[in-house]
Every structure is written in C-alpha cells, then in structure tokens.
Amino acid sequence: DKLDLSAAFADGKATLDGLKISALGGVANLSGSVLLNDRLDAVMHLNIADMVPEKLLANAALASAAPARLDLDFNLAASLKSLLGKAPPKAGEPLASIALKNFRLSAADPLHPGSDIDVVACKNLQVAMSHPVIVGKPITIDKISLDEPVVNAIAVAPGSTTFVGMPNFPAPA
C-alpha cells in the first residue's frame, strides 16, 4: 500500500507504529522505534504468519511438493551505538536482547493428510548481550535460553532423499 513516515520522526523518536506486509502467501506485521539519543536505543517487533519462504526460489522446479510455512514472533531491543562500542551502555541493561517466540517452520505431513509437522520449531529463544561487538574480538553472549526445540528430517516417502518442507535442490556434481 502506502507508507507515511511524516509523523514517524517526532520528539526525538523515529517510530513505525505498524506496517503490514502481505507476501509469500502469508502476512508480516512490523513495528518498532529508535530513540534518537546518544545510544540509538531501538526496539523492533516482527510477527510472521503462514509465509512460504520457498516462494523466493527463482526456479519453480526446486520447490517441494509440501513447502514449509513460517510462523514467528520476534522482538529485538538494542542500544545500537553501544552495541558497536561507539557509546556508553545504559546502566543495568543488556546492549541487545533478542526474543523469538512460537517459531515454527512446518509443512504438510505426508503420512497424515490434513495434518502438519514441525520441520524446525521452538517455543521460546532468548539471547542477551552486554558486551560490545568489536572487530577482531569474539562476540560475547551472556545468555541463551531455548525452550522446547524441535528439529525433524522426514522423507517425503520411504527411501526418498527429499525431505518434507525442504526445497528440491539438485544433487551436488
């Protein structure tokens, strides 16, 4: 549609109140803000429902019979300049935190028509960083928390090397 950013830069804060994108067979809702302070404190929220990443393939022959659908709820909060070591951090808070909830890459179950199976999923993933990212130094992650991870590799038929929810990439030469 149309994106009007005229009201987005008020009071030293750049905001995106809600951008709805219909693409890849599903919907994405994006919102967030950046506080125009010395740290560039930013918050972003992305919710994706029923998108089919395989629709990005240029060659339709690579698409699987049961392409995976993507659902997720993603939040990112960061002091962008502090994360890069360009400004002092906010006291008592991580420089960046990522929260991924209800992540699900699912596809139609070939053995149970009308049912879906999770190819990759997790109920909750949280990552926090309190040290800046500096070129040539290791990235320090303070916390990784993962709840209910799922990874399934299920062949589309017995003996097949093609997996549910995975594109049909050609065999390497």
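Predicted model: local features only at pLDDT ≥ 70, side-chain atom pairs only at ≥ 80, totals over all residues.

Q: How much space lies in the largest pocket?
A: About 210 Å³. Its lining has 15 residues, and Asp41, Ala42, Ala77, Ala78 and Glu93 are the closest to the centre.

Q: Which strands give two or more residues to that lining?
A: Strands E3 (26-35), E4 (41-51) and E5 (69-79).

Q: And how does the lining divide into nonpolar, polar and charged?
A: 8 nonpolar, 3 polar and 4 charged.

Q: What about Ser33, buried or exposed?
A: Ser33 counts as buried because its relative accessible area is 17%, under the 20% cut-off. Ser33 is found in strand E3, and among the residues it touches are Lys13, Thr15, Asp41 and Ala42.

Q: OK, switching topic. How many salt bridges does the structure hold?
A: There are 4. Asp38, Arg39 and Asp41 are linked in a network of them.

Q: How far apart are the closest N and O atoms for Arg39 with Asp38, and for Asp41 with Arg39?
A: Arg39 and Asp38 come to 3.8 Å, while Asp41 and Arg39 come to 2.7 Å. Both Asp41 and Arg39 are buried, whereas Asp38 is partly exposed at 46%.

Q: Which salt bridge links distant parts of the chain?
A: Asp118 with Arg104, at 2.3 Å between the closest N and O atoms. Asp118 sits in strand E7 and Arg104 in strand E6, 14 residues apart. Asp118 is partly exposed at 22%, and Arg104 is partly exposed at 29%.

Notes
Residues numbered from 1 in each chain as written. Heavy atoms only, no water. 1 Å grid on protein atoms, 1.4 Å probe; cavity = no way out; pocket = protein on both sides within 12 Å on 5 of 7 lines; lining within 4 Å. Points joined across faces, edges and corners; volume = space filled by probe spheres on them. Helix = DSSP H or I, 4+ residues; strand = E, 2+ residues; numbered from the N terminus. Nonpolar A, V, L, I, M, F, W, Y, C, P; charged D, E, K, R; others polar. Buried < 20%, exposed > 50% of the residue type's maximum accessible area, 1.4 Å probe, protein only. Contact = heavy atoms within 4.5 Å. Salt bridge = Lys/Arg side-chain N within 4 Å of Asp/Glu carboxyl O. Lists of a residue's contacts leave out its neighbours within four places in sequence.
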